[in-house]
Amino acid sequence: MNVSEQLLDILKNEGVKHIFGVAGDALNPLVSAIGKQDEIEWVRMKHEGNAAYAAYAQGELNGNLGVCASTVGPGALHLINGLYNAKKERSPVLAITGQVPVEHIGTAYHQEVDLTKVYDDVCEYQAVIRSPEEAPRVILRAIRIAVNEKCVCRIELPADIAKMAAENQDFVHKVFRSNSLTTPSLPELEEAAQLINEAATVSILAGAGCRLAKDEVLRLSNKLKAPITHSLRASDIFDHDTPNVVGLSGLIGNPSGYKGIMDSDLLLMLGTDFPYTDFLPENTKTIQVDIRPENIGGRTSVTTGLHGDIKSTVEQLLPLCDEKQNQTFLDDRQSEFDNWKQSMSKKGNPERDMEPLHPEIFAHLLNDIASEDAIFVVDTGTAAIWSSNFMSFRNERRILGSFNHGSMAVGLPAAIGAQMQYPDREVWAIVGDGAFNMALNDFSTAVEYKLPINLIVLNNSQLGFVKIEMEEAGLAPNLDALHVDNIDFHDFSKLCGGDGLKVDKSKDIASALQKAKISTQPFVINGMVTDGALSLPPKIGLEEITGFGTSKVKEVIKAIGGDKRQWQNLRNEIEAYFD
């Protein structure tokens, strides 16, 4: 047994089923070892960055760790962006990178990169192997840290050590995985309960840290008559159909979600590091509960902090809280949320048959057609707006994306990772044309592995979300810089061996979604949508009015000056708004 085979055996023992990567010289011994067994599959990706996104999806979904791999310097550098996404989403991922032979490290050797420096920020721990004797110890340590701290770790395997005889095999053992609970002290809980009992109205801002504590949070909400506003990552925990949920806040939020956390006497932040300080109250008493104490007080002034996991902390807090009788605040927010959902339903009605199409219709109909345990990968950009506003990630549905890192091109590769992990579940990726262009080289990978992923490409030939950002900043959009010159994505899908349809009429959207749903091949819906669809934040203050107004004045001036594209841009926005 060599060191590469020993590493592979350790990964087998930990339940790893896939390694996503691109083969290369330093990894050849590992790839060779994979070829001699059938428990772990080497997934041949076209680009290492996509491999990292696929590994992120598995780390996020399966309660274990995702694994990606690359060879020396250039290949290892390609992994970085996808790994940063895993870091920011707190998904356990192990990156295996090759390295030049030990004797050449530090000599500016061909393809040598100081990967320890490069990976220092993205990795919680780096297992840099310098001898076969230390290999099992540092490999196991990397896995132990990744799964217990939900983070990214890296194993560096120099080309010469990779094929050396393994040592210390007697040290190899099952990785310890902690199921311990963390709870605050009783005095801290009593202090928090006193604040809750003194407050006339309480609201909850819930994040992804509530994933294992949904029932407990709902019990607390019912007892306190507290509306639940949630983060984007928590959309598949506190979905649109869950009692007391009133939606999102932030730039892509809705009025009831915004008012829920801004208008109460006391805010409970549960398992969230919600970053948008402009959408958090300045003078409201706040209790923040988080498993990571360094997060407490990082976004807003906190009256009381509680260090603990949400499930056990809320369980211990519940008996200390008095039940509130007045639920007017909750009822008002729920009424506003119901009205907002009705307005979204009208905007997503396929009878709005303007061409190019309203992107909202795709999300609205997908919500009805997709299975109740479907996995949705929502790419960064306007796809996230339409998905979060027009879909309910209810029951066993899951949502993935780059919600904290905010990187484009997560959709396709994460869908590949998700489908390989759960071959019997529907996987849908909702992506913009700009994001799909970045990653489409691995669509052929989905075909190669016969993965029936479904991609809805919202094709408006524009970086739509960047346009919104420019307008909110008071800038006239640079339409040339924002333009995306697209191929026919549905034909590209067929060229690769998949299937697809171009959809440019509203009446055809539902049938296209149904055809994708039953397809046994990777399927691309090339949705020809308007670039004039607008999304307004739940709070429109003087700054937003000034920015948007200034932008429109500049656009009009450019249009009057002969810029035909600015005229068309204004016309598209007006048509989309009033249709």
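Residues are numbered from 1 along each chain as its sequence is written, and side-chain values use heavy atoms, with hydrogens and water left out. Because the model is predicted, local features need pLDDT of at least 70 and side-chain atom pairs count only at pLDDT 80 or more, whereas totals for chains, interfaces and linings use all residues.

Helix α14 (residues 359-369) packs with helix α22 (residues 509-518) at an angle of about 50 degrees, the axes being 10 Å apart. This makes α14 oblique to α22 (angles under 35 degrees count as roughly parallel, over 145 as roughly antiparallel, 65 to 115 as roughly perpendicular and the rest as oblique). Ile361, Phe362, Leu365, Leu366 and Ile369 of α14 make the contact with Ile509, Ala510, Leu513, Gln514 and Lys517 of α22, where contact means heavy atoms within 4.5 Å.

The structure holds 7 aromatic pairs (ring centres within 6.5 Å; planes under 30 degrees apart count as stacked, over 60 as edge-to-face and the rest as tilted). Among them, Tyr258 and Phe279 form an edge-to-face pair, at 5.9 Å centre to centre and with 80 degrees between the planes. Tyr258 lies in helix α11 (residues 255-262) and Phe279 in the loop between β10 (266-270) and β11 (285-290), so the pair ties together parts that are 21 residues apart in sequence. Tyr258 counts as buried at 13% relative accessibility, as does Phe279 at 5% (buried means under 20% relative accessible area, exposed over 50%, partly exposed in between, with a 1.4 Å probe and protein chains only). Phe274 and Tyr276 also form an edge-to-face pair, at 5.5 Å centre to centre and 80 degrees between the planes; here Phe274 is buried at 5%, whereas Tyr276 is partly exposed at 40%.

Conventions:
Axes are lines fitted to C-alpha atoms, for helices over the stretch in contact, and angles run from 0 to 180 degrees between N-to-C directions. Helices (H or I, at least four residues) and strands (E, at least two) are DSSP runs, numbered from the N terminus. Rings of Phe, Tyr and Trp (its six-membered ring) pair if their centres lie within 6.5 Å; planes under 30 degrees apart count as stacked, over 60 as edge-to-face and the rest as tilted.
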